Amino acid sequence: MNEGGLATPFRERAGRAMRDAFLQEALTIATRKFIGLRREAFDDFPEGDALRDRARAIKEATLQRLDHHLERLVASVEGRGGRVHYATTPEEARAIVLDIARRTGARMAVKSKSMATEEIHLNEALEAAGVTPVETDLGEYIIQLAHERPSHIIVPAIHKTKGQVADLFTRALKRRVEADPEVLTRVARLELREKFLQADLGITGANFAVAETGTVVLVTNEGNGRMVTSLPRVHVAIMGVEKVVPSMTDLMVFLAILARSATGQKLSVYTTLVEGPRRAGELEGPEEFHLVLLDHGRIAQIAGPLREALSCLRCGACLNVCPVYQQIGGHAYGHTYPGPIGILLTAMLQGPASVKDLAHASSLCGACVDACPVRIDIPRMLIGLRREVNERRIASRRERVAFVLLGALLVRPVLYRLAVRLGRLVQRPFVRGGAVRDLPLVLGDWTRARDLPPIAPRTFQERWATLEREGRP
Amino acid sequence: MTTRAEFLARIRAEMQKTQGLFAASTAPRPAQPRAAVEAIRRELAERWPETLERFRREFGRVGGVFHRAAALAEVPHLVAGIAREREAHRLVAWHPAALGGDLGPALTARGLDVLPMPPGELAEAAERQALRARIAEAELGLTGVDLAIAETGTLVVRSGAGRPRSTSLLPPYHVAVFDRGALVESLAQAGVVLEAWHAAGAPPAGAVVSFITGPSRTADIELTLTRGVHGPREVHAIFVDAETRG
């Protein structure tokens, strides 16, 4: 299975994914299933629509007073004996975690699924520093054994067959493991249980952090989030600054829509509210609690064109409904965050130049806006990115010339009509079965994977003109 | 390294550039959370049977197993039945003060190997380590419940003295005992209770609140649902008709 490394152009990565028969089947099954589950969950939940609007309004209100809420969060976490760190860049975030690991003499770190730690490539840094990172979400564990990256925000190993997983386990554990999900899950439980009990460091992300109470909120189905925050001596949580919510009352609004959007559950199995290190009287829990607040391009978007993307809950609903994601899966996007929202987050983290191809990997159909629990207008921002990519001349010369020519044609009716007539002549040899097929040269890029409707024998404009002459419109 | 002052200054600088484009408002919080909780309790005192029925239905939907007992004294019999069917013997239980009663002798009399949790923390690291090893071997975990949310079939448990986090997490079978005092109707009501738990002057508690909605599950391999990946593979809730707590 390919990783879709960035050395290969997007077009090629996407092409490879579309020729991968297993991936195609897995994507179809998974995305259809999640779409169905999400729809059922909201059909049974009449107040859902209003809650989505409320959730969005809370995110917006939090952003408008982000400094205040972060200050509250910091004060509450410190008041409970936790420490807060500030990371502008991924390098800084990694250095903070490595420093904690070094100071506490940590040899092994257990992690619960966290996109923020993926985003800063923490595992490589830990390994280089002699700390063994162990991913404990089953999907992430599989991905780690395979040395790959997640291909879906919610189901990271969506692209793997049980046979492939069995082979990975067999190699890692040096004993034959049956290709049965039940058996594989049991094996992973035993294997990872040992790690939970041995590890010195627990590393998590945060789905939310409640400013008022200093609470880091983790949402999981497996229970690894609870393990990681209960058993090791030290807990480090890494979160983007936009994850803060003001109060517990606000948190409940998000919990009511997050799992429904992600997996169709009313709530995920475990919602874990962590408030600092072990308290007096507690038998278990970490002695140290650290919260790392991560910028990595987010702060610049408070007043930037991608501001809306700061409301994202990372539920993955926009991936499942996206006709492009459904075809190419997560790896072809080539970055930490796949799918429609992933394009925006990649641009946020790495700048618009990093998405010069990806900005076009969308049909702008708007299915993502409908699915998004906080109604982020992804197509609007994608169009903005396309414009920026064009204005800053990041796009290829061929593409820019093509769009300049098209633009010139569309604003000149005489030329446009002429082009239509010309096109009708030129298309003749290529029209088969009601569609233009197998165009030559660069135009073939379009028709290779799609049908192009031919120019009609009589265009709408021509028919309209006729009607007008006959006085019938 | 970025300091807190630098970090916040950059955020403020960006905030000044924009008013924000979209409708903005936070959720209205209860002004007097403890009074609001009392109001919820009074309201539920009338119609708790419906709330319990809704909880039972939703808890079953998420894969939980519901039981009912007339009094706390009947609980050991139910727990022993659950253990017997699963050929499980080793049980860890919250401290009697946290559980609302000492069920140890009755459970032991029914053939269970009971490990009660200490009332508070253990000072000696070696002692803690030894206890943890025994907890890790347990097959059943017996806990109380702080909130039972009917809307979602969720059990909420707070960590604290005598109520370790691992009791509801490490054993493959989790049995939770609750009464009508724990029932709330919805997530929104649970939010009011959470506000009260965090209000100034609230009694001290542990550092973790766990929402548990059914058994541990995953669908990470070919979307095949499997249970008990890290947490318990079964969750049982025993509702006790006679109130177990004040």
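This is a predicted model: local features need pLDDT of at least 70, side-chain atom pairs count only at pLDDT 80 or more; totals for chains, interfaces and linings use all residues.
1. **Domains of chain A.** The domain assignment divides chain A into domain 1 (1-44 + 316-394), domain 2 (58-296) and domain 3 (397-469). Note that domain 1 is written as two segments, 1-44 and 316-394. Between the C-alpha centres of domain 1 and domain 3 of chain A there are 28 Å.

2. **Where the two chains meet.** On chain A, 77 residues are in contact with chain B, and on chain B the partners number 65. Which element of chain A gives the most to its side of this contact? Helix H10 (residues 181-198) of chain A does, with eight residues. By type, the residues on the chain A side are 40 nonpolar, 19 polar and 18 charged.

3. **The open sheet of chain A.** Chain A holds an open sheet of six strands, paired in parallel, in the order E1-E10-E7-E4-E2-E3. Which strands stand at the edges? They are strand E1 (83-87) and E3 of chain A; each has a single partner strand, so one side of each has no neighbour in the sheet. From one strand to the next, the twist averages 20 degrees.

4. **Inside that sheet.** Strand E2 (residues 108-111) of chain A can be followed to two partners. Four bridges tie E2(A) to strand E3 (residues 132-135) of chain A, in parallel, and A:Met108 sits opposite A:Thr132 of E3(A). E2(A) is also joined by three bridges to strand E4 (residues 201-204) of chain A, again running parallel. In that pair, A:Lys111 faces A:Ile203 of E4(A).

5. **Chain B as a whole.** Chain B is built with seven helices and twelve strands. Its C-alpha trace spans about 70 × 50 × 45 Å along the principal axes. Of its 246 residues, 48% count as buried. If we take the contacts in chain B between residues at least 6 apart in sequence, 74% of them join residues at least 24 apart.

6. Which residues of helix H3 (residues 75-85) of chain B are buried? They are B:Val75, B:Pro76, B:Val79 and B:Ala83. These residues lie on the same side of H3(B), because the arc they cover around the axis is only 95 degrees. The other side of H3(B) carries the exposed residues B:His77, B:Gly81 and B:Glu85. The buried residues pack against several elements of chain B, including strand E1 (65-69), helix H5 (104-109) and strand E12 (234-240). Just after H3(B) comes B:Glu87, with a positive phi of about 50 degrees.

7. **Two loop residues worth a look.** Most residues other than glycine have a negative phi. A:Arg314, however, has a positive phi near 60 degrees. This residue is in the loop between strand E10 (288-294) and helix H13 (317-321) of chain A, and it is partly exposed, with 19 other C-beta atoms within 10 Å. In chain B, the phi of B:Leu223 is also positive, near 60 degrees. B:Leu223 sits in the loop between strand E10 (217-218) and strand E11 (226-227) of chain B. With 15 C-beta neighbours inside 10 Å, B:Leu223 is partly exposed.

Methods: Residues are numbered from 1 along each chain as its sequence is written. Chains are lettered from A and ligands numbered from 1 in the order in which they are written. Two residues are in contact if their C-beta atoms, placed from the backbone, lie within 7 Å. Ala, Val, Leu, Ile, Met, Phe, Trp, Tyr, Cys and Pro count as nonpolar, Asp, Glu, Lys and Arg as charged, and the others, Gly among them, as polar. Two strands pair if DSSP finds at least two bridges between them. Domain bounds come from an automatic or database domain assignment. A residue is buried if 20 or more other C-beta atoms lie within 10 Å of its own, exposed if 12 or fewer, and partly exposed in between; C-beta atoms are placed from the backbone. The arc is that of the directions from the helix axis to the C-beta atoms. Axes are lines fitted to C-alpha atoms, for helices over the stretch in contact, and angles run from 0 to 180 degrees between N-to-C directions.
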